[in-house]
Amino acid sequence: MAYNEEKRNRRIRITAISFGIVALCFYFGFIAIIATH
Amino acid sequence: MVDDHHHEEHPGGLMRWITTTNHKDIGTLYLWFALIMFFIGGIMALIIRAELFQPGLQFVEPQFFNSMTTLHALIMIFGAVMPAFTGLANWLLPMMVGAPDMALPRLNNWSFWLLPFAGVMLLATLFMPGGAPAGGWTMYPPLVLQTGAAFPFLIFSVHLLGISSVLGSINIIATIFNMRAPGMTLMKMPLFVWTMMITAYLLIATVPVLAGAVTMLLTDKYFHTSFFSAAGGGDPVMFQHIFWFFGHPEVYILILPAFGVVSQIIPTFARKPLFGYASMVYATASIAFLSFIVWAHHMFTTGMPLAGELFFMFSTMLIAVPTGVKVFNWTATMWKGSMTFETPMLFAIGFLVMFTIGGFSGLMLAIAPADFQYHDTYFVVAHFHYVLVTGSIYSLLAAAYFWLPKWTGNMYNEKLGKLHFWLSTIFVNLTFFPMHFTGLAGMPRRIPDYPMQFAEFNMMSSIGAFGFGLSQLLFVYIVLQTIRGGRKATAQVWEGAEGLEWTLPSPPPYHSFSTPPEVK
C-alpha cells in the first residue's frame, strides 16, 4: 500500500506540474508570439 | 499530496474555513461565494433594469450604467457561475470517482481563497477615481484604456480569477486521472465527471490566453507598448481575436458542466439509464474542440474577408450537431421512463426547453449576413441570457436541489422548491423573451436610454427581472431551512439515483472513501 501511495502521489505531482507548465507556456508563449509578430 | 491516513478532527470556527483542505468544506466555500456574487451581480442587473424601465434617464448616470453592465457580466461569469461549478466539482468529484479527497488539497484551498480577494478588488473599483470599468466585460481597446484608476485593479483581478481557475482545473484533472477507484474506467465515469474534465482542459488552454491579452493591455496603457494601438503600429482588432479565442471556449466552460449536471438528473427521475452515454462523451469532446475554431463569429461586423466569414459561420453551425445529439439523448432518456417531477427534474426539464431556445437563437446569430442586423442588439442579450440563465443557472439550481439532501442530510421543502421553479420560470421568460423583439426592432445593448417605440417591451423585461430576482430569495430561504433541519434523507435520497456518491450516508463522512470502493 505504501508503495502504491508513493507511486500515486508521484503521478499526481507529474500531472499537476505538466499542466502547470502547459498553462505557463500558453501565457508567455502567446505574449512572445504577438510581441515578435 | 492527499494523505490517506485521515483523522476526523479539524479546527473549528473561522480557522476551519480558512485553513481547510477538505474537498467538502472547500466546495461549500465555493458555493456560498458564488451565491453571494450571484446576488451582487443580480443587484447590478436590477439597477440596469430599473434604469431601462422607462425611456429617459431616471436613476443613474450613463457612465455608472455602463459600469453596471460591465461588472454585472464579469461578476456573474467569473464570480458566480464558474466558482459555482468548481464548488460542485469539489463536492462531487471525489465522491463520484471513489476518492477520499481531491488530489491536491492545499492547492485547492489556495484556488478558493484567491477568489474573495479578486472579487473584492473588482468591486473596490466602484469607489475609485474615474469610476469602475465601463467599457464592457470584453475590455476592448481603445475604449477600455480610458478607464481611470480602476484599470490596473481590473487587470489584476482578472489575473487572480484566472490563476484560481487554472489551479482549480489542474486539481480536477489530477484528481480524475489519478484518484479513481479500482474498476472506474474513463468510460464508466459519471457524465458530470467527464464534463468537468473537459471543462478543465478548456480552462487551461484558454485562460492563459486571456491573461496574456490583458497583460498586453496593461503594458499598452502604462509601458508605452502598442500591441493594440493603431498609432504605434498595433491593431485593436487583434485584441478582439485574442479575447474571443478565450471568450468562446469560455461560453462552453460555462455550459458543459451544466450538461453534466442535467445528464445526472434526468436519468434519476426518468428511472432509466442515460440514453447514449458514449455519444454524450464524444459530443462533449466535439463541442470542446469546435469551441476553439468559432471565435470570430463574435466579430462578423469587423470587416473580415469573405472566406473568414464563411468559415466561422459554418464552423459555428456545426456545433448544433453535437449539441443536438445531447438534446435528443436527454429526450430519449425520458422517453417511456417512469418519470416524476421533483424540483431538480423541473429545473432540468426547464433547462432542456429553454436552453434549446437559446441554442436556436444562437444559430440565427451564426448566420453572418443576418448577424449584421442582430449584432450588438438586445437580440444578442436575449440569446446569451437564455443560454446562461435558463441554461447554466438553471442547471446549478437543479444541482443544488438534487444534491442538497446528500450534502446536509435533510430533505428540502418540495412545495417551496416547486414554487421557486415556477416563479423563476415565469419571470425569467418575462425578462428575456421580449428582448428578442426589442433586439430585432433594433434596440442596441449597453445604452441607458432608448426611443419610445421600445417602451412596452422594456417595461415587461424590468418587471420580469425584479420578479426573478425576488424569487431567488425564496431559494436562499429553502437552502437555509434545509441546512437547519427537515425530514432526514436516506443515503440514496432519490429512488432512481445511481452512482458512488449515493452509496455514502447523507450527509457523507468528512473524508469520502478512506477505502476505495470496487467498481464493477
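Visitor: How many salt bridges does the structure hold over all chains?

Guide: Three. The model is predicted, so local features need pLDDT of at least 70 and side-chain atom pairs count only at pLDDT 80 or more, while totals for chains, interfaces and linings use all residues. Residues are numbered from 1 along each chain as its sequence is written, chains are lettered from A and ligands numbered from 1 in the order in which they are written, and side-chain values use heavy atoms, with hydrogens and water left out.

Visitor: Why is the pair B:Asp25 and B:Arg16 called a salt bridge?

Guide: The term requires a side-chain nitrogen of Lys or Arg within 4 Å of a carboxyl oxygen of Asp or Glu. For B:Asp25 and B:Arg16 the N to O distance is 2.6 Å, so the pair meets the definition.

Visitor: What makes B:Asp25 buried?

Guide: Buried means under 20% relative accessible area, exposed means over 50%, and partly exposed lies in between (1.4 Å probe, protein chains only). B:Asp25 has 3%, so it is buried.

Visitor: Which residue forms a salt bridge with B:Arg271?

Guide: B:Glu495, with the closest N and O atoms 2.5 Å apart. B:Arg271 lies in the loop between helices H7 (236-270) and H8 (277-290) of chain B, and B:Glu495 in the segment after helix H15 (455-484), so the pair ties together parts that are 224 residues apart in sequence. Helices here are DSSP runs of H or I with at least four residues, strands are runs of E with at least two, and both are numbered from the N terminus. B:Glu495, at 60% relative accessibility, counts as exposed, whereas B:Arg271, at 28%, is partly exposed.

Visitor: How far apart are the closest N and O atoms of B:Arg445 and B:Asp376?

Guide: They are 3.7 Å apart, and the pair forms a salt bridge. B:Arg445 is buried, at 17% relative accessible area, and B:Asp376 is partly exposed, at 35%.

Visitor: How many helices and strands are there in chain B?

Guide: There are 15 helices and zero strands.

Visitor: Why is chain B called as compact as a globular protein of that length?

Guide: Its radius of gyration is 23 Å, close to the 24 Å that the globule rule gives for 520 residues, so the description applies. The radius is taken over C-alpha atoms, and the rule is 2.2 Å times the number of residues to the power 0.38.
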